[in-house]
Amino acid sequence: MATKRLSAIRPAAAFEQEYRLGTLASVSGLSFRYPDAGKWALQDIDLHVEEGDVVLLAGPSGCGKSTLLRCLNGLIPHMYPGELRGEVTVGGQKVAETPMASLSQNVGMLFQNPENQIFMFSVERDIAFGLQNLGVPRDEMRSRVDETMRLLGITDLAQRAPHELSDGQKQRAALAGVIAMRPKLIILDEPTSLLDPRTAMDVVGMIEELNHAHGITFIVVEHRLELLTPVADRLVVLDAGRKVLDGKPMDVLADERAGGFGISIPPVARLYTYLAKEGFKLPRPPRSPEELAQELQAT
Amino acid sequence: MTLIEFDRVTFVHQTGTVALRDVSLRVSKGETVAIVGENGAGKTTLVRHINGLLKPSSGAVRVDGVDTRKITTATLSRKAGIAFQNPDHQLFSESVESEVKFALRNFGFTEEAIAERCDWALNFFGLAEYRKTSPLVLSGGEKKRLTLACILAWDPDIVVLDEPTVGQDALQKEKLSQIVKMLQATGKTVIIVSHDIEFLWPLQPRLVVMSGGRIVADGPTGQVMADKDVLVGARVTQPQLLRLYLALRVRPDKPFFDVPTAERWIAEAAP
């Protein structure tokens, strides 16, 4: 019974081919080495991110996640020197040949610590800052700022000074500044690490909403995989500068090699792996404890 | 024996914000206590009273029977080491090595002991290769480990870890978990402030939940985590394993496994 159900799931590749919306970000044969560093931070990375996907990027500290993010948003090679091989394109623009200002209309980045990103006297002026730099006309700027604040539920914070806000509010304010630029791709570096569990889930909900309703593509670096796997389309694991695993999140987590790469396998995924090893086949890898309970009770 | 005592503590910031409201808490020697709760609940403010960095606006904090207002922070620090949430607030020396040695010198250890303890701490936390490096160029996770190395080097009786897992990968988290168990085994009193419920669950500490500057629950992890109303109010979620157990319990006619069995399976599925 279970075997039959398993075979009913189409291979990911066939699914992707059928629903291909177009590649938004493309990394081909990418290697990068910082000046005076012996080791390559990234080695021969190929990664093609489809428009509308939420891609989770994981791996142990120092595996090259941050370097890859920098290659995608243009900080490498525009701000960080080093030896770069291969090519990165985002929204059809070659990152190495496109000025940062033009890239910022395609790629937005939310840094791990929102305090590094918000600095104006009020939340709304902070959101408007990037638009001002892009030369967006005043009326449009006003409407984009209002719309973004509504979208993230922070309209009541418009006049507040960013340093007075709680961590969760700061995170939203910083994300608003990124979203107002209307990038096609948003990169989040550990967006929930400073947040309490429910606020973290709110941020995950926001990612889901922006992805579903507005078609924004996300690349998210996160150590707490149990939070993001339910909304991610794909999980990419890096180790020592190389891409080592890439697939549907629960398939990657159920891969017996996954634990060896220093990523936190959520308890539910571990249980699924254990049960599978014991010959207890479930129809599909569960995304949450509740889903696992449902599958166990249905079997 | 009570080692740390908060006696009706209220703390008001200079801006007038009330961060702690009438908080009473007793921690015994050798206990492991985790403090959870929403952003801004007062968790960090609470633990900063333990080494006297903050003094109560009203009420009293006593550490080993001594009122923290009657003793210097420097003296209290020998007894209680705090690893801050943001390591940048703590690191200032020009090299990793001198950072670890700084407090040891202040506490009057001999040069021989300083060298020995510094070597132990740097090796233990995998930082030996950065000995001569500036702490400022370390990664977020490495800085966090350095703050821990600095504190464990002087071997305080009370170890306070404020959000220790932020920026740490699975291997480092596992190591942190081992460190907490080691501290428990050697009779240390450990206070952990954390949002990382999955990290706390296997340690099964005494769990204190804070919300709006007050303690709203206090008890064994399993018991407190089962109280959904309290958790929702404090913006805390249940760990995956407990959620699974509760979801399975909905159909008691089909008992599948209990929490300890599932924990054993999870351990066996580990790499």
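**Around one leucine**

Modeller: Let's start with A:L72, which touches A:A25, A:V88, A:V90, A:V107, A:I187 and A:I219, leaving aside residues up to four places away in sequence. Touching here means that the C-beta atoms, placed from the backbone, lie within 7 Å. A quick word on the ground rules: this is a predicted model, so local features need pLDDT of at least 70 and side-chain atom pairs count only at pLDDT 80 or more, while totals for chains, interfaces and linings use all residues. Residues are numbered from 1 along each chain as its sequence is written, and chains are lettered from A and ligands numbered from 1 in the order in which they are written.

Now for the helix and the sheet. Helix α3 of chain A covers residues 65-73 and lies across β1, β2 and β4 (83-90), at about 125 degrees to β1(A). That angle, on a scale from 0 to 180 degrees, is between N-to-C directions of lines fitted to C-alpha atoms, for helices over the stretch in contact. Helices (H or I, at least four residues) and strands (E, at least two) are DSSP runs, numbered from the N terminus.

The open sheet has four strands in chain A, ordered β2-β1-β4-β5, with antiparallel pairing. Strands count as paired if DSSP finds at least two bridges between them. Because β2 (42-50) and β5 (93-94) of chain A each have a single partner strand, they stand at the edges, and one side of each has no neighbour in the sheet. Between β1 (residues 23-33) and β2(A) there are six bridges, again antiparallel. One of the bridge pairs is A:F32 with A:L42 in β2(A).

A:K184 is worth a stop too, in the loop between α8 (167-179) and β7 (185-189) of chain A. A:K184 touches A:L24, A:G91, A:N106, A:I216 and A:T217, again not counting residues up to four places away in sequence. With 17 other C-beta atoms within 10 Å, A:K184 is partly exposed; buried takes 20 or more, exposed 12 or fewer, and partly exposed is in between.

Back to A:L72: with A:L57, B:A149 and B:V160, A:L72 touches the most other members of the largest nonpolar core, which has 158 residues. Such a core is a set of buried Ala, Val, Leu, Ile, Met, Phe, Trp, Tyr and Cys residues joined through C-beta atoms within 7 Å. Helix α5 (residues 140-153) of chain B gives the largest share, seven residues.

Technical notes
Two residues are in contact if their C-beta atoms, placed from the backbone, lie within 7 Å.
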